[in-house]
Amino acid sequence: MRTAARLKRIPPYLFAELDRKQQEAAQRGIDLINLGVGDPDQPTPEAVIDVLCTEARKPENHRYPSYVGHTALRTAAAQWMQQRFGVEVDPDTEVIALIGSKEGIAHTCWAFVDSGDYTLVPDPAYPVYANQTLLAGGTPYPMPLRPENGFLPDLEAIPQAVLEQTTVMFLNYPNNPTAAVAELEFFERAVALARRYNFLLCHDAAYIDLTFDGYRASSILEIPGAKEVALEFHSLSKPFNMTGWRIGFAVGNAQAVGALGKIKTNTDSGQFTAIQFAAVEALLRTPTAFREKMASLYRARRDAAVAGLRSLGFEVEPPRGTFYLWVPVPQGWNSLDFAEHLLTTAGVVVSPGAAFGQQGEGFFRLALTTGEERIREAVRRIGRALEVGR
Ligand SMILES: *Cc1c(COP(=O)(O)O)cnc(C)c1O
């Protein structure tokens, strides 16, 4: 049996050993505090589950769903974009339902990347942008996210020759893994660049509604003219604790929506219609109290973790968005060794920064998707692990 050559384009996974050690520790019954994966620990809102149950009983929902998403979901997405950002989109031509935004990001690469094409990919980043570019035969061109630039890419540093062969640029704010946020002024410059070089600007907005301290994140479609070049990916996963449900949507440029739809029509058959109705409920009828509860929960965890880590000498600022902390590793460690050290001496699971790209080296990521008391305990254990040394 021979696998396709494209599979070999995905770089070797460097963290298998770390994963194996984690599994082994769990099997030995060690009490692990998992701050590794960004997967909300809180339940989906009751009302959303109720809609799923009701809709699941209706025979008309048992048939193949619409490829591009039920009109009700596309209309709800358009209404939400209007209410939340003041952005007008046509639910028929500028919105498409997704089986989670990861699916949409992956298929966008298949719709827009040929061999010889570049995609511009933040480094560090969610690994899907680069790996799906590689699977589609293209070349990801890394845009370093540096602390001194507020973890925004330096758009002026991208060589013109690369820009001329670029078909897609990926951005993601509020950002995973750095937890940085972007202002409209930055989006404006990115849109101008995309228009000048005529590439698709993909904004992954998975954390757009997970912000704190009064900060409200913007849609890239708020920039005048953005719809000529931009496609924005929204996900129900993180704001509504729905990672397992697999539902999201993309909004923006009609040609891009159409191209993505063409790939999807030939690949999947859309998401279960009952789940789409549940997503409508989440988007349009989630009480403000739920959002406030989630924001204050993550804020309390963030503040506990930041205060604890600072008392141990880590330099970390409280981020305004996401449920991550992006923390410099102590002097003398690389990110993988430090993550392994925390696992084996403290039973604390973190993500090594290098897992998100070369520029992630020197950092580790904490996902605050576990209870505040456990986070405090994790910080105490990290303190003891620092004393143990190597
Ligand atoms: C979690 C995450 C996603 C995936 O969201 P789904 O809608 O569950 O597929 C996309 N992008 C980033 C940056 C994420 O962290």
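Leaving out neighbours within four places in sequence, leucine 201 is in contact (heavy atoms within 4.5 Å) with Met169, Leu171, Ala190, Val191, Ala194, Ile220, Val229, Ala230 and Leu231. Apart from it lies another core, of 29 residues, with Ile33, Ala305, Ala339 and Leu368 among them. A nonpolar core here is a set of buried Ala, Val, Leu, Ile, Met, Phe, Trp, Tyr and Cys residues joined through side-chain atoms within 4.5 Å. Buried means under 20% relative accessible area, exposed means over 50%, and partly exposed is what falls in between (1.4 Å probe, protein chains only).

A quick word on the model: it is predicted, so local features need pLDDT of at least 70 and side-chain atom pairs count only at pLDDT 80 or more, while totals for chains, interfaces and linings use all residues. Residues are numbered from 1 along each chain as its sequence is written, and side-chain values use heavy atoms, with hydrogens and water left out.

The largest nonpolar core has 73 residues, and Leu201 is one of those with the most contacts inside it, alongside others including Ile158, Met169 and Leu236. Domain 1 (5-43 + 289-388) and domain 2 (46-285) both give residues to this core, so it lies between them. The domain bounds come from an automatic or database domain assignment.

How do the two domains meet? Their C-alpha centres lie 26 Å apart, and 32 residues of domain 1 are in contact with 37 residues of domain 2. Together they bury about 2,900 Å², 60% of it on carbon and sulfur atoms; buried area is the accessible area (1.4 Å probe) that two parts lose on being put together, summed over both. Arg320, Thr322 and Gln359 supply 25% of the area that domain 1 buries against domain 2, more than any other three residues.

Charged pairs come next. A salt bridge is a side-chain nitrogen of Lys or Arg within 4 Å of a carboxyl oxygen of Asp or Glu, and by this rule the count comes to 26. Between domain 1 and domain 2 the count is four. Glutamate 183 and arginine 320 meet in a salt bridge, at 3.5 Å from N to O. In another, aspartate 209 joins arginine 291, the closest N and O atoms being 3.1 Å apart. Aspartate 209 is buried, with a relative accessible area of 18%, whereas arginine 291, at 26%, counts as partly exposed. Salt bridges that share partners also join Asp31, Arg374, Glu377, Arg380 and Arg381 into one network.
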